[in-house]
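Me: I would like to learn how to read a fold from its strands, helices and core. Can we go through one together?

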Amino acid sequence: MSEHVLPWIGLAGPTASGKTALALRLAQALPIEIISVDSALIYRGMDIGTAKPTAAEQALVPHHLIDILDPTESYSAARFVQDAQTLIAAVHARGRWPVLVGGTMLYFKALIDGIDALPAADPTVRAALDDEAARLGWPALHAQLAQVDPTTAARLAPNDSQRIQRALEVWRVSGQPLSSFHTRGANDTPRAAPHLLLSLEPTERAWLHGRIHQRFEQMWAANFLGEVQALRARGDLHLNLPSMRCVGYRQAWEALDAGLSGEALKAQVIETGCAATRQLGKRQLTWLRSMQRSALAAESTETGDALVAQVLAQCALWRSGS
């Protein structure tokens, strides 16, 4: 492996595919520390709806990039790369191996390929885009994006207002599509490090959908509604913030805004939350299929031992430099 960069192991996959459980099992066999690659786990006070590793799980192995921001704050792929590279070096200095675990594929891609500095936010342009969205709807702006940056539009849902707005903002400020910055980063920026990217990918879509529904039922039983109500009660959060656009939170917030309660509220949140999470999983898999990785059957997490042995064998082979 190169003497100039520090290697890392990645464990990616769509939401609810079993990444956290597998990482914790790896920690029983390897001297690792876990670096989260998740744009939702960074927020404090958002534990149940993000399926954040519990305090007991985090006590089993050091975790990083969890609970680092207030929900009023925002985070970027560029900042993730800086934070991750610092942590990777620190983990190696402690004689352990960094294992990057999560489903925010843009972060993985930025770390692997590099990313150019994007244009700064422009309040005037954003306000204009908000006005257009209020008149035309975000699907119409998604259609605009498809005309100028089809690569980015293809990976965004028509109502993903935050990312559609940012992509159109970059286009209007710089005259360049957002996807071109990612491409230039890959060509011009040295790769962050040698890495082994493993991904848990379901062979049957129904399996993942079942896991998503089960997770929402468990979240509801764990008082996810109470968590959202506490966030609403703060008074300084709203649906335009990246944190409140996380799947599950937005759907619960909107159901509460609609005045639903009781079983009707539960049914609405679970139905819309599961639908949004399925769409997220689809986008995550699309990202993964464009990346060089070693795919593992996500269903194998149900049995455990054979999958762990397979992962350990791949890690050993890769670390040997073969």
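Predicted model: local features only at pLDDT ≥ 70, side-chain atom pairs only at ≥ 80, totals over all residues.

Me: How do I get from pairs to a sheet? What is the order of the strands?

Reply: Chain the pairings together. Here 6 strands give an open sheet, ordered β3-β2-β4-β1-β5-β6, with parallel pairing. Strands β3 and β6 (294-297) are at the edges, and each pairs on one side only.

Me: Let me take β2. What does it pair with?

Reply: Look on both sides. Ile 32 sits opposite Trp 97 of β4. With strand β3 (residues 63-64), the pairing is also parallel, over 2 bridges. There, Ile 35 has His 64 as its bridge partner.

Me: Why is β2 described as largely enclosed?

Reply: Count the residues under 20% relative accessible area. In β2 (residues 32-37), 6 of the 6 residues are buried, so the strand is largely enclosed by the rest of the structure.

Me: Now helix against helix. At what angle do α12 and α13 pack?

Reply: Read angle, distance and hand. Helix α12 (residues 249-257) packs with α13 at about 145°, their axes 8 Å apart. The crossing is right-handed. On the α12 side, Gln 251, Ala 252, Ala 255 and Leu 256 make the contact; among their partners in α13 are Leu 265, Val 269 and Ala 276. The contact residues comprise 6 nonpolar, 4 polar and no charged.

Me: And the core? How many residues does the largest one have?

Reply: Look for the residues with the most contacts. The largest nonpolar core has 78 residues, and Leu 22, Phe 80 and Val 311 are among those with the most contacts inside it. Helix α13 (residues 262-289) gives the most to this core, with 7 residues. A second, separate core has 14 residues, including Leu 145 and Val 170.

Me: What does Phe 80 touch?

Reply: Set aside neighbours within four places in sequence. Phe 80 then contacts Ser 36, Val 37, Leu 65, Tyr 75, Leu 100, Tyr 107 and Leu 111.

Conventions: Residues numbered from 1 in each chain as written. Heavy atoms only, no water. Core = buried A, V, L, I, M, F, W, Y, C linked by side-chain atoms within 4.5 Å. Buried < 20%, exposed > 50% of the residue type's maximum accessible area, 1.4 Å probe, protein only. Helix = DSSP H or I, 4+ residues; strand = E, 2+ residues; numbered from the N terminus. Contact = heavy atoms within 4.5 Å. Axes fitted to C-alpha atoms, helices over the stretch in contact; angles between N-to-C directions. Left-handed = near helix turned anticlockwise from the far one by under 90°. Nonpolar A, V, L, I, M, F, W, Y, C, P; charged D, E, K, R; others polar. Pairing = 2+ DSSP bridges.
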